[in-house]
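Colleague: I have a model open here and would like to go through it with you. Could you take my questions as they come?

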Amino acid sequence: MPVRLYNTLTQKIEDFVPLTPGKVKLYVCGITVYDLAHAGHGRTYTTFDVLVRFLRARGFEVSHCQNVTDVDDKIVNRAKERGEDPLALSKRMGELADAHLEAIGCAKPTVMPRVSTTIDGIVDITEKLIRNGHAYVAETPQGNDVYFAVRDFPGYGKLSRRNLDDLRAGASERLAEGATDIKKDPLDFALWKAAGPDAFGFDSPWGKGRPGWHIECSAMAFAELGEQMDIHGGGMDLVFPHHENEIAQSEACSGKEFARYWMHGGFLEIDSEKMAKSLGNFVTIKDVLDKNDPEGYRYFVLGTHYRGPLSFDVEKHPDGRVTFPGLDEAERRMDYLYATRDALVSLAGDAEPSEPNILQGQAQIVAEAKEKVLEALDRDLNTPVALSVLAELGKAGNEIVMQAPKMRKDPAKNEAIKKLAASAVRALDAACAPLGLMQAKSDAYWARTRERRLRLRGLDASAIDAKVAERGEARKAKDFAKADAIRKELGEVGVEIFDAADTSSWKIAL
RNA sequence: GGCGCGGUAGCCAAGUGGUUAGGCAACGGUUUGCAAAACCGUCAUACGUCGGUUCGAAUCCGAUCCGCGCCUCCA
C-alpha cells in the first residue's frame, strides 16, 4: 500500500508519488524567532518530524528543509523595545527554539536556512519577477517598495480557494482606511519593503530595505531544494495568505509547479480557541518541559490526528499547582511503555529475538506491530491508530511477562518465552521509532521524570527513601498499622508506594 | 459576507457504506498482609438535528443547529 497524504491543494487524500522515485524534498515553514516557541509550534513540528521519520522508515531519502525567519517586523519591533540588535535577538530566540524542538524529540532538519543569509536569493527572485512583469517597484517616502501583482498571476487563490473579488469585498473595510494607493491593487503583497534611513535593513537594487513576509520561503526553498519540491508544510494558519503568496511568486518566477503536496497541521487550542501569541493564551514549550516529560508531550500530540484541533487543558489546583491534565495522562502512558519494556528486557535476559511457538496471540501481535504502525501512518499519518498498536503491544508484552513464571519448570518453554520477550522488546522499539517515542534509555527516562516530579511537588528523594525504609522495617515486623500509616502519609503528598515481597519502590504521582 | 474545519458512548479520540479501534475514569475479577502496578471483564446496539439515497449510513446527498479557524501578524 502506498503512502497516502491529504493534500490541501486538492482537498483529497492522495497517493504520495515523489518527483524522483525514492527521494522526498520537504519544506516546512519554520518559526519567526521573536519570542519563545509555544506548544502549538511544537505540535506542528512534531507532526512533520513524524512525517520525516515515517518516510525514512518507508525507505525514502528525505531532504527536510525548515527555515528560520530571523528578519521580520515583529523581530525588529521587539528588538527596539528591548534595545537589542534584531539579529542578536533572533539568533538568541532561534537557538532556544532549536533547543526546545530538539528537546521534544524533533530531529534536526537536514538544512535550516535563515532569511538574513538568503538576501541574495531574495533579490534574485524579486529582480526576475520585475523583469517578467509579475512585480513592480513603487516609490514611498522611505524609499522603494516592490510588490507582486496578484491580478497577473492566473492561479492566484488555488490553494486557499479564494477569488480576488471575494477577498477584496471581505477586506474592503480595512483597505478603505489603509491608504495603500502606492499598490496597483490593494491585494498586491510586498516582496521588498523600504526601510527608513536608520531602520534595520539590507542593501538592495531598490535601496535599503527588508524582504516582504512571503518571499523568503520561496528563496530558501529554491536555494536548498530547487524550484520544485514534493511536500510543503506548515500550520493551518499559513494557507492564506502565506502559502498562497509563496505559490504565486514561486510559480510566476520558475514557471513550474512549486510543490505537489501541501500539508497543514491543525491548531492546538486552549478553551476552544487557537493557542496564539496574539491572544495571550499560550503555553511555551519551555513551560511544557518544566512540568512534563517531552515524550509525554509527544504522545499527547500524536493522540489526535494532525489535521484536527487538539485541546490543551490547564488545571489550577487548590494547593496552587498548575498542571496539564492531558500531558499527565499521556506521560502515564509513557511510564507504562517504559515499565513494560523494562519488564520484557529483564525477562529476556540475553535471549535472542525469535518467534517461538508459544503464546500465539501475543506472538502474533509482537510480529505484526511494526508493520501495523507503518500501515497506520500510510493513511495520512494516522498517529492515533499507531498509538493504539502500541497499546496492544504493551498489553501483549505484559501478558508475556505475566505468563513467564508458569513456564519456568519446562526448560523449552522457559527458553521460548525469553525469546518472545526479546522479540517484544525489538518490536516495541521498531514500532516506536517512526513516531519518535521511547528514544531515551530506560534509566535516563526514570531519572529525569523522578527528578522533575520531585521538584514540582517540592519533595526530597532521600527523605522519601528514609520513610520508605522505616516502613520496610515495620512491614518486616508485621506492624501493618504503621506501614499503612506511612503509606497514607506519603500518599497525601503525592508519593505512591509499591510493595514487592521483601522490598518496596516508590513513584511520584502525576 | 467569502473560504474552510469540527460536533462519535462519563471524558479524550480513531473509523468515513456492511464484521473489535485505542486510551482515561468508574465498577467487577485474578494477584496482594492491605494497596498499587499488571492482566481479564463490564460500561459500548455511541456517532449534533431533520429529511433523502441504499438491501444496508456514524460513513453518501440536502437542509439545519452549535463551536472554531482564515480573510490583518500567526505553526
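Predicted model: local features only at pLDDT ≥ 70, side-chain atom pairs only at ≥ 80, totals over all residues.

Colleague: Is Cys432 buried or exposed?

Modeller: Cys432 is buried, at 1% relative accessibility, where buried means under 20% relative accessible area, exposed over 50% and partly exposed in between, with a 1.4 Å probe and protein chains only. Cys106 is buried too, with a relative accessible area of 10%.

Colleague: How many disulfides does a search of the whole structure find?

Modeller: The search finds 0 disulfides; for Cys106, the nearest cysteine sulfur is that of Cys65, 16 Å away.

Colleague: Changing topic, what is the strand order in the open sheet of 4 strands?

Modeller: The order is β4-β3-β9-β10, with parallel pairing, and the edge strands, each pairing on one side only, are β4 (61-66) and β10 (259-265). Strands here are DSSP runs of E with at least two residues, helices are runs of H or I with at least four, both numbered from the N terminus, and two strands pair if DSSP finds at least two bridges between them.

Colleague: And how many bridges join β3 and β4?

Modeller: Strand β3 (residues 23-28) pairs with β4 in the parallel sense over 6 bridges, and Val28 has Gln66 in β4 as its bridge partner.

Colleague: Which helix lies across β3, β4 and β9?

Modeller: That is α6 (residues 215-225), which runs at about 155° to β3, the axes being lines fitted to C-alpha atoms, for helices over the stretch in contact (heavy atoms within 4.5 Å), with angles from 0 to 180 degrees between N-to-C directions.

Colleague: Last one, what domains does the assignment give for chain A?

Modeller: It gives domain 1 (4-265), domain 2 (327-435) and domain 3 (459-508), with bounds from an automatic or database domain assignment, and the C-alpha centres of domain 1 and domain 3 lie 57 Å apart.

Technical notes
Residues numbered from 1 in each chain as written. Chains lettered and ligands numbered in written order. Heavy atoms only, no water. Disulfide = S-S within 2.5 Å.
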